[in-house]
Structures are given as C-alpha cells and as structure tokens.
Amino acid sequence: MRLGVLDVGSNTVHLLVVDAHPGARPLPAHSHKADLRLAQLLDASGAIDPEGVDKLIETVQVALEAAEDKGVEALLPFATSAVREASNADDVLARVQAETGVELQVLTGAEEARLTFLAVRRWFGWSAGKLLVLDIGGGSLEIAYGIDEEPDAVASLPLGAGRLTAGWLPNDPADPAAVRALRRHVRAQIARTVGEFSRFGAPDHVVATSKTFRQLARIAGAARSADGLYVQRELKRRSLQDWVPRLAAMTTDERGELPGVSEGRAGQLLAGALVAEGAMDLFGVETLEICPWALREGVILRRLDQMATT
C-alpha cells in the first residue's frame with residue numbers, strides 16, 4: 001500500500017510518501033517539506049503563538065493535498081518536541097484536528113528514540129551488533145543503545161539545534177562567550193546520561209541520523225546526498241573538532257555556502273556541531289556512521305509490523 005508519514009517537527013513539516021508492504025523495505029515515492037520552525041514561534045509563556053498555529057494548520061492542509069495527489073491510502077501523522085513541550089499543546093492539537101481532520105500523535109522523547117533505533121537496526125541488520133544511536137533534531141537530542149530491535153536504554157535531552165540556537169546564540173556571528181557557555185551547558189546535560197549507557201558496555205557501531213549530522217559529515221568530506229543512499233558516510237571526531245571553531249567564526253550566510261548545508265539550517269549548524277562534538281567526546285566515539293533512515297522510517301516500519309500481525 002502507499003503510506004504517508006506526516007512529521008510535524010521542530011524545524012519542518014515533512015510528508016514522506018512510501019510504497020510499502022510487510023516484509024519489504026519501504027520505497028520512497030514522494031517527499032514534501034516545508035520549513036516552519038515551530039521551536040522559534042514560541043511566546044514568552046512557551047506557547048506556540050497564534051500566527052504559528054495558523055501557519056501550522058495551513059502547512060498541514062497543503063501536505064494533505066499533496067498526500068491525496070500522490071494516492072496515499074493511510075496517513076501516519078505525528079508531532080515531536082516543539083508541539084509536545086508547548087504550553088498550549090492541547091489547544092494546538094484540537095485546532096489542527098478541527099480545521100484539517102488530522103489527529104496528530106504526539107510522540108514522547110523516549111518513543112522518538114525507540115522508533116529511530118528501530119529504523120537504524122533494520123538498516124544495518126543484526127550483524128551490526130550493539131548499536132549506539134544519536135539523533136539531533138530541532139528541539140531535542142535522542143540517544144538509544146541496544147542489541148535487539150527494542151533498545152536497552154534511551155534518553156531524550158532538550159538539546160535540539162533549533163532550540164539551542166534560539167536560546168543561546170542570538171547574534172550573527174555568534175558571540176564567543178555565548179559559544180563557550182553553550183558548550184558547557186551541552187556537555188553538562190549529556191554527561192548526566194553517560195553512565196546509564198556505559199553500564200551496557202562498548203557499542204559495536206555508533207550511528208547518527210538527522211539532517212544536522214548529515215550536514216556535518218558532508219562539510220567534513222563525506223559523499224554528497226546525490227551519490228545515493230548506499231554510499232557509506234562517516235563523521236570523525238577529529239574532523240568535527242577542527243570544524244567547530246571555524247563554524248563559530250562564520251556568519252549564517254557563510255555557513256550556508258558550505259557544501260551540503262541548506263540555507264534554512266545554516267543558522268543552527270553551530271549549535272548542532274557543539275551537541276555532536278559533545279556527544280562524541282563524552283561517549284568516547286572517534287568515528288560514527290551516518291544512517292539515511294531515522295524517525296519517519298521507524299514510524300513506517302512499526303506500522304508495517306502491526307499490519308503483519310493482524
């Protein structure tokens with residue numbers, strides 16, 4: 001059947017259409033993406049402001065039209081940290097359902113981590129052994145570890161690239177004192193979780209997903225996205241450490257000219273790099289592998305598993 005996943009994230013609203021059936025890998029058929037930046041549309045009370053809600057509803061309606069045009073039979077709509085943590089989340093969800101008919105499922109941070117882990121496990125297979133998976137979103141950092149399809153440990157930290165940029169790095173280029181303060185904050189947050197994962201032993205593979213990690217790997221020399229899904233891509237901590245001060249000295253426009261960096265994400269790249277560097281350092285990771293599958297694919301795979309048992 002043709003499935004559509006509607007991902008209302010902190011940065012974008014992304015509709016991914018795939019052709020899928022149980023026992024087979026989902027084949028991408030269409031992708032529709034809109035930059036919304038919900039994490040940056042919060043007012044002083046932590047609520048998504050009225051203009052932001054209007055934009056969200058309009059964006060969901062456009063995505064629904066695209067899904068209909070592409071013949072989607074079932075839509076799997078979900079929202080992540082920006083909606084989850086908004087102080088008016090219930091009102092936002094009610095308005096979206098009333099005006100579009102879409103009932104967004106709000107995923108917890110732990111659910112995000114588990115579904116992303118499932119996607120990574122299916123991509124790399126059982127031979128990959130114990131996996132440590134890192135995923136930097138717009139609002140949160142998800143970490144998961146395990147040897148099966150269900151991870152043994154998960155964590156979700158409020159260290160998304162969009163959230164940190166808005167809260168810590170308002171200037172362009174970034175103020176050096178603010179960068180140092182954010183670096184301390186990021187590392188203190190991650191350090192609290194390391195013990196929970198280290199008790200399971202060293203992973204066999206460390207894997208990263210998300211646009212932030214893909215862009216960091218690209219500027220560090222990894223293959224272009226145009227080279228295909230199956231090209232192995234890596235990010236080395238040494239390369240990232242070299243890039244962090246360079247990114248800190250750049251303006252947003254200058255970062256946007258780097259290979260593989262989209263204009264819409266250029267402003268968040270420094271914060272994302274600080275999170276990535278902190279995670280790799282504190283978990284003792286020298287090299288991580290980039291996985292093209294992440295949360296959206298995990299949602300699809302979980303749905304296919306459910307179909308197979310009914």
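This is a predicted model: local features need pLDDT of at least 70, side-chain atom pairs count only at pLDDT 80 or more; totals for chains, interfaces and linings use all residues.
Begin by selecting the five strands of the open sheet, which follow the order E3-E2-E1-E4-E5 and show mixed pairing. At its edges you will find strand E3, residues 27-35, and strand E5, residues 105-106, each of which pairs on one side only. In general, the strands of a sheet pair through backbone hydrogen bonds, and they may do so in a parallel or an antiparallel way.

**From E2 to E3.** Next, select residues 12-19, which make up strand E2, together with E3; these two strands run antiparallel and are joined by eight bridges. To look at a particular pair here, pick out Leu15, whose bridge partner in E3 is His32.

Gln241 counts as partly exposed because its relative accessible area is 33%, a value between the limits of 20% for buried and 50% for exposed.

**A charged patch.** For the last stop, select Asp172, Asp253, Glu254, Glu257 and Glu263, which together form a negative surface patch. Where in the chain does Asp172 lie? Asp172 is in the loop that runs between helix H5, residues 161-168, and helix H6, residues 176-198. With a relative accessibility of 47%, Asp172 is classed as partly exposed.

Conventions. Residues are numbered from 1 along each chain as its sequence is written. Side-chain values use heavy atoms; hydrogens and water are left out. Patches are made of residues with over 30% relative accessible area and no salt bridge: like charges are joined within 9 Å, nonpolar side chains (Val, Leu, Ile, Met, Phe, Trp, Tyr) within 5 Å. Accessible areas come from the Shrake-Rupley method with a 1.4 Å probe; for residues, only the protein chains shown count as cover. A salt bridge is a side-chain nitrogen of Lys or Arg within 4 Å of a carboxyl oxygen of Asp or Glu. Lys and Arg count as positive and Asp and Glu as negative; His and the chain ends are not counted. The place of a charge is taken as NZ of Lys, CZ of Arg, CG of Asp or CD of Glu. Helices (H or I, at least four residues) and strands (E, at least two) are DSSP runs, numbered from the N terminus. Buried means under 20% relative accessible area, exposed over 50%, partly exposed in between (1.4 Å probe, protein chains only). Two strands pair if DSSP finds at least two bridges between them.
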